[in-house]
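Subject: Model for your files, with notes on salt bridges

Dear colleague,

Please find the structure below. My notes follow it.

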Amino acid sequence: MSTIEQLKFARMYTMGRLSQAKENAWDKQPTGFNNTIRWNVGHIYCSLENFIATVLPSYEPQHKEWNAFFERGTSPAKWEGQAPAKEELLVALEEQLPRVVQALEGNLDRVLPEPIKIGDMLTMGTVDAVMQFAIWHEGLHAGVIHGLNRAIGE
């Protein structure tokens with residue numbers, strides 16, 4: 001399966017988990033979970049925007065203002081201001097995929113000027129390698145959304 005097809009599959013899975021979440025579950029944080037469904041959705045969105053912008057400098061990320069709510073280390077308990085509504089996030093996820101696919105076409109084999117490292121565990125030297133990581137990242141958070149749905153019992 002190509003990287004683009006994996007990305008589409010991951011997003012389909014994410015959207016499926018979100019279709020199972022009830023409106024009143026989006027902001028519940030059960031014991032044992034670090035964040036909420038809303039946070040995980042925004043984090044998936046913002047992370048992919050930032051991954052693409054890092055490896056393709058011509059890519060213009062959308063909704064940069066959402067990073068304050070959803071980047072790594074943030075938490076709904078510390079939010080200042082109004083986080084995006086469920087509908088805004090769902091529309092953003094749907095509109096993101098075609099933009100990202102278009103930006104990636106013909107660029108997956110591009111070698112990065114400087115590899116991106118995650119500690120000593122992972123070094124990514126191409127756009128494709130970063131996208132593989134981004135896909136894994138989305139799947140991880142989609143799994144958390146699935147766990148939240150089950151824990152909340154909705």
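This is a predicted model: local features need pLDDT of at least 70, side-chain atom pairs count only at pLDDT 80 or more; totals for chains, interfaces and linings use all residues.

Residues are numbered from 1 along each chain as its sequence is written, and side-chain values use heavy atoms, with hydrogens and water left out.

A salt bridge here is a side-chain nitrogen of Lys or Arg within 4 Å of a carboxyl oxygen of Asp or Glu. By this rule there are six salt bridges. Helices are DSSP runs (H or I, at least four residues), numbered from the N terminus. Buried means under 20% relative accessible area, exposed over 50%, and partly exposed in between (1.4 Å probe, protein chains only).

Among the six:

- Glu-23 pairs with Lys-86, with the closest N and O atoms 3.4 Å apart. Glu-23 sits in the loop between α1 (3–19) and α2 (37–55) and Lys-86 in helix α4 (residues 86–104), so the bridge ties together parts 63 residues apart in sequence. Glu-23 is partly exposed at 44%, whereas Lys-86 is buried at 15%.

- Asp-27 and Arg-38 meet at 2.7 Å, N to O. Asp-27 belongs to the loop between α1 and α2 and Arg-38 to helix α2, so parts 11 residues apart in sequence are tied together. Asp-27 is partly exposed at 46%; Arg-38 is buried at 9%.

- Glu-49 bridges to Arg-99, with 3.1 Å between the closest N and O atoms. Glu-49 is in helix α2 and Arg-99 in helix α4, so this pair ties together parts 50 residues apart in sequence. Glu-49 is buried at 1%, and Arg-99 is partly exposed at 26%.

Regards

Methods
Helices (H or I, at least four residues) and strands (E, at least two) are DSSP runs, numbered from the N terminus.
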